[in-house]
Amino acid sequence: MALILVIDDQSSIRTILAMVLEDLGHEVKLAEDGQKGIELFEGSGDFGLVITDINMPNKNGNEVARHIRKARRSTIPVVAITGFPQEADTELFDDMIIKPFKLEKLRITVARLIDRGFPEKVSFLQSS
């Protein structure tokens with residue numbers, strides 16, 4: 001399956017995401033802020049997907065996504081997971097999951113972006 005980077009400053013969200021993604025057969029790397037997420041992205045191999053919170057210390061999710069988009073591997077899908085969708089620069093993300101979220105939305109998003117490739121962007125404000 002894929003190597004997935006999860007960046008979120010809430011440990012409970014990181015734990016839930018890691019459990020679900022590992023149950024789906026993916027390997028997961030975790031970072032507790034944007035700067036650490038960028039460092040992992042640069043040093044930990046080929047990620048198939050990045051999931052990042054928007055509001056975090058030491059670089060927010062928009063900054064993380066912007067860094068990934070400028071990197072050599074700019075085709076990696078990036079998903080925002082946030083309780084504040086109005087703060088996301090939607091042009092930087094392939095999808096958005098709004099907190100609180102249903103695990104099924106996470107599963108569908110991951111399947112669409114990793115397992116089947118990602119066609120056109122979907123409506124970012126759908127929370128189901």
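Is Asp89 buried, exposed or partly exposed? Asp89 is partly exposed, as its relative accessible area is 30%. The views below come from a predicted model.

**View 1. Asp89 and Arg66 form a salt bridge.** The closest N and O atoms of the two side chains are 3.7 Å apart. Distant parts of the chain are linked by this pair, since Asp89 belongs to the loop between β4 and β5 and Arg66 to helix α3, 23 residues apart. Arg66, like Asp89, is partly exposed: the relative accessible area is 34% for Arg66 and 30% for Asp89.

**View 2. Asp53 and Lys99 meet through their side chains in a salt bridge.** The N to O distance is 3.5 Å. Asp53 sits in the loop between β3 (49-52) and α3, and Lys99 in the loop between β5 and α4 (103-115), so the pair ties together parts that are 46 residues apart in sequence. Asp53 counts as buried because its relative accessibility is 5%, and the cut-off for buried is under 20%. Lys99 is also buried, with a relative accessible area of 17%. A network of salt bridges links Asp8, Asp53 and Lys99.

**View 3. Asp95 and Arg112 are joined by a salt bridge.** Their closest N and O atoms lie 2.8 Å apart. In the whole structure, a search finds eight salt bridges. Side chains of opposite charge can pair when their charged atoms come close.

**View 4. The largest nonpolar core contains 22 residues.** The members that touch the most other members are Ile7, Phe41, Val50 and Phe93. At least two residues of this core come from each of β1 (3-7), α2 (34-43), α3 (61-70), β4 (78-82) and β5 (95-98). A second, separate core has 18 residues, including Val79, Phe101, Val110 and Leu113. In soluble globular proteins, nonpolar side chains tend to be buried together.

**View 5. Ile7 is shown with the residues it touches.** Which residues does Ile7 touch, not counting residues up to four places away in sequence? They are Ala31, Asp33, Gly34, Gly37, Val50, Ile51, Thr52, Asp53, Met56 and Val64. One of these, Val50, is listed with Ile7 among the residues of the largest nonpolar core that touch the most other members. Another, Asp53, takes part in the salt bridge with Lys99.

Conventions:
Residues numbered from 1 in each chain as written. Predicted model: local features only at pLDDT ≥ 70, side-chain atom pairs only at ≥ 80, totals over all residues. Heavy atoms only, no water. Core = buried A, V, L, I, M, F, W, Y, C linked by side-chain atoms within 4.5 Å. Buried < 20%, exposed > 50% of the residue type's maximum accessible area, 1.4 Å probe, protein only. Helix = DSSP H or I, 4+ residues; strand = E, 2+ residues; numbered from the N terminus. Contact = heavy atoms within 4.5 Å. Salt bridge = Lys/Arg side-chain N within 4 Å of Asp/Glu carboxyl O.
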